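Welcome, and thanks for taking a look at this one. Please have the sequence and the model open side by side as you read the notes below.

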Amino acid sequence: MDYIEILIKLRKILRSINLESKRIEKQFGISIPQLLILQYLSKKAEYKALGKEIKEYMNLNASTISGLLQRLESKGWVAKLPKPEDKRASFFTL
């Protein structure tokens with residue numbers, strides 16, 4: 001397989017992901033990264049995790065995660081809870 005064939009196959013994959021992303025956004029009103037965060041929280045003990053844990057799981061930078069979590073919070077999907085022993089950190093819960 002030459003590099004052109006690989007590029008064509010990658011383009012098909014990206015197109016499929018884009019179409020699925022739009023379908024999910026239309027149906028549920030959330031993006032795929034937001035959905036992945038909700039799925040991650042659903043598998044955590046007490047359905048909560050620190051922002052840092054979510055950042056590491058998603059492998060995204062802190063500002064991107066912050067924006068995703070703010071949008072989920074404004075839509076009522078997650079709640080932000082202060083971490084009692086460290087005021088700089090917050091838990092996010094379903």
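The buried residues of α3 pack against α2, β1 (48-50), α4 and β3 (86-93), where buried means under 20% relative accessible area with a 1.4 Å probe on protein chains only, and contact means heavy atoms within 4.5 Å. Helices (H or I, at least four residues) and strands (E, at least two) are DSSP runs numbered from the N terminus. This is a predicted model, in which local features need pLDDT of at least 70 and side-chain atom pairs count only at pLDDT 80 or more, while totals for chains, interfaces and linings use all residues. Residues are numbered from 1 along each chain as its sequence is written, and side-chain values use heavy atoms, with hydrogens and water left out.

- G51, I54 and M58 are the buried residues of α3.
- Viewed down the axis of α3, these buried residues fall within an arc of 60° (taken from the directions from the helix axis to the C-beta atoms), so they line one face of the helix.
- K52 and E56, on the other side of α3, are exposed, a term that here means over 50% relative accessible area.
- Just after α3 comes N59, with a positive phi of about 55°.

**α3 against α4**
- Helix α3 (residues 51-58) packs on helix α4 (residues 62-74) at an angle of about 110°, their axes being 10 Å apart; axes are lines fitted to C-alpha atoms over the stretch in contact, and angles run from 0 to 180 degrees between N-to-C directions.
- α3 and α4 are therefore roughly perpendicular to each other, a label for angles of 65 to 115 degrees.
- On the α3 side the contact is made by G51, I54, K55 and M58, and on the α4 side by A62, I65 and L69.
- Sorted by class, this contact of α3 with α4 has five nonpolar, one polar and one charged residues.

**α2 against α4**
- The axes of α2 and α4 cross at roughly 80° and come within 10 Å.
- α2 and α4 are therefore roughly perpendicular to each other as well.
- P33, Q34, I37 and L38 of α2 meet L68, L69, R71 and L72 of α4.

- S31 is found in the loop between α1 (3-28) and α2 (32-43).
- With a relative accessibility of 15%, S31 counts as buried.
- Apart from neighbours within four places in sequence, S31 is in contact with E25 and L68.

Definitions and conventions:
Angles under 35 degrees count as roughly parallel, over 145 as roughly antiparallel, 65 to 115 as roughly perpendicular and the rest as oblique. Ala, Val, Leu, Ile, Met, Phe, Trp, Tyr, Cys and Pro count as nonpolar, Asp, Glu, Lys and Arg as charged, and the others, Gly among them, as polar.
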